[in-house]
Amino acid sequence: MPPSPSRNSTLAKPVSASLKEGLEDSKHHGYREQSRRQRSEGSGCSEQVAQERAAIVAQLEEHLAQMRTNLADSEREWRDLQERKCVKEAEQKAMPSAWTAESAQALAILTQQVLEKKRFAGEMEKKVRSLEAQVTEQRALMSGQRKPPKSDRSKKLEQEFVPSSGSKVKREAESAGAVQDAALRAFLDAAGPAANIILRSAALRDAFDSQPRELCEVSLEGCDLAERIQVLSLFSAWVAVADGDPTRAMRLSDLNLSEEESAEMIGALDTCGAQLEEWEMTRCPTNESASKLLLRSLASQPLRRLSLGYNALGPAGAASLVAAAAASDSWASSLEHLGLEMNGLGDAGCNTITSLLSSGVLHRLETLELGWNELSPCSAEDLAALLGPVTTDLINSTAPDENRQHRLCLPRFRRLGLAGNRLGSLGAAKLMQTAFLEPSRELELDLSMNHIGSPALEQLAEWANGLEANPAQVFTCIGLEWNMVDDVEVVKKVATALARISVPGPRSLLRLANNETELDAVTLPAEYFGIIDC
């Protein structure tokens, strides 16, 4: 039963009644015809147009100043991280003998942070440039300037700054100019007074109007608690009903969601009959109650992708996810991607997830991301059990066999991401051997940054040498970057052993870049470069 709307929210009626009725009316009469009628209702108020345009430009300039400050901060943070990375790299070159596995992992984490901060700064810069263009265009309209040749966007903006005799929401929606999508304008008009929160914020308009649609904490700056709830509910409703996004994807980032906010979002999704295919929630920590509430609701959605990375779910969050999956009527036939990286699951949480997958509940799952979850060698056995081979004999067998049925119900992974854990050489050896038991499967097994040394490759070589020499094309690829492999002879040994039983496919069998020995065309014969990628 969907949760009842919050007392602080004024959106319950607009979403359930006015919003839906307004959307149906807009679709029935056509968004463009509705906009044309609204623009033609009042055309002789030039002074009012100028005042409204000036107010909008002032709002845009205020937001632009804040975004420029945020961009400067982000670029400074990126430069600081880059400088720290350079210092670490210099230390590695100066004292290679003192460089430990922990040092390598720290550098890898720093490298990842640099890349993420650079990406964030780049996205912020694009938004700043876009807003600068909007401000410039609005100033030109205020002063009566025209750009030769006049763009279609400018013509549309001029038309939309003519106020109508309708509601204040309609006038603001049309005079805002930044809301170019006719369907979105109709949606905000149907939302009633709550839409004013969106219309007065360029960041929120961008979030609603962008593709893909994503709401982040920066977009909500300046909103009080009641306004946050209204925005989250409106955003959920818009994702549920908007045309032009065939995936019906909900993307949230850097939001600390309360239980009340989660309930409001769920209520809007239920009211609008959402059928989401993707839910991506990154760096959005919630308490246990809010997490359970969200997951129970998501279990009713036909999701293909569920990404919950960087949310500190822990073992308790893993248990909530398992309970939701077990109760879901749709995930068994729809879910293909499950992202749980950087959630502090530990071995206990990993065991909870693997127990669920072993039961066959999510047998269509193709990608499982469990990187950076503090997994030890204890988790390797459970994970390896999910990678067991499905042979032709197993598929064609007609004999009643409980183990056969179990194997056929397990997920057929195309990617298992385990980077940044503590699986070690023992755990890695178990996983690699199991992965190579079915060489024809297209599988990427990411074991980078896992404290894996040469002994793991030694064990893999011994295992491969014990198999019958019957080369077959291999589509399995194992990533061992940023580990502790330091013996070139062992690398040659494992390459020779794998060459006995395999014909390299489109990807190298083992990726060994950035380990503790220099591996290149000088140290490895050319015939190994198809089996080993350095």
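Buried residues make up 51% of the 534 residues in this protein. Buried here means under 20% relative accessible area, exposed over 50%, and partly exposed in between, with a 1.4 Å probe and protein chains only. The model is predicted: local features need pLDDT of at least 70, side-chain atom pairs count only at pLDDT 80 or more, and totals for chains, interfaces and linings use all residues. Residues are numbered from 1 along each chain as its sequence is written, and side-chain values use heavy atoms, leaving out hydrogens and water.

**Whole chain**

Show everything in cartoon. The protein has 21 helices and 13 strands. These are DSSP runs numbered from the N terminus: helices are H or I with at least four residues, strands are E with at least two.

**Stop 1: strand β10**

Select residues 476-479. This is β10, and both of its faces are covered. Thr476 and Ile478 are buried on one side, Cys477 and Gly479 on the other. Leu443 has Thr476 as its bridge partner. Look for Leu510 opposite Ile478.

**Stop 2: helix α19**

Select residues 424-436. Helix α19 has 13 residues and reaches 18 Å from its first C-alpha to its last, close to the 18 Å expected at 1.5 Å a residue. The expected span is 1.5 Å times one less than the number of residues. Of its 13 residues, 11 are buried, among them Gly424, Leu431, Met432 and Phe436.

**Stop 3: aromatic pairs**

How many aromatic pairs are there? The count comes to 2. Rings of Phe, Tyr and Trp (its six-membered ring) pair if their centres lie within 6.5 Å; planes under 30 degrees apart are stacked, over 60 edge-to-face, the rest tilted.

Select Phe187 and Trp238. This pair is tilted, at 5.0 Å centre to centre and 50 degrees between the planes. Phe187 sits in helix α7 and Trp238 in helix α10, 51 residues apart. Phe187 is buried at 0% relative accessible area. Trp238 is buried at 3%.

Then select Phe208 and Phe235. Their ring centres are 5.3 Å apart and their planes at 80 degrees, so the pair is edge-to-face. Phe208 lies in helix α9 and Phe235 in helix α10, so the pair ties together parts 27 residues apart in sequence.

Terms used
Two strands pair if DSSP finds at least two bridges between them.
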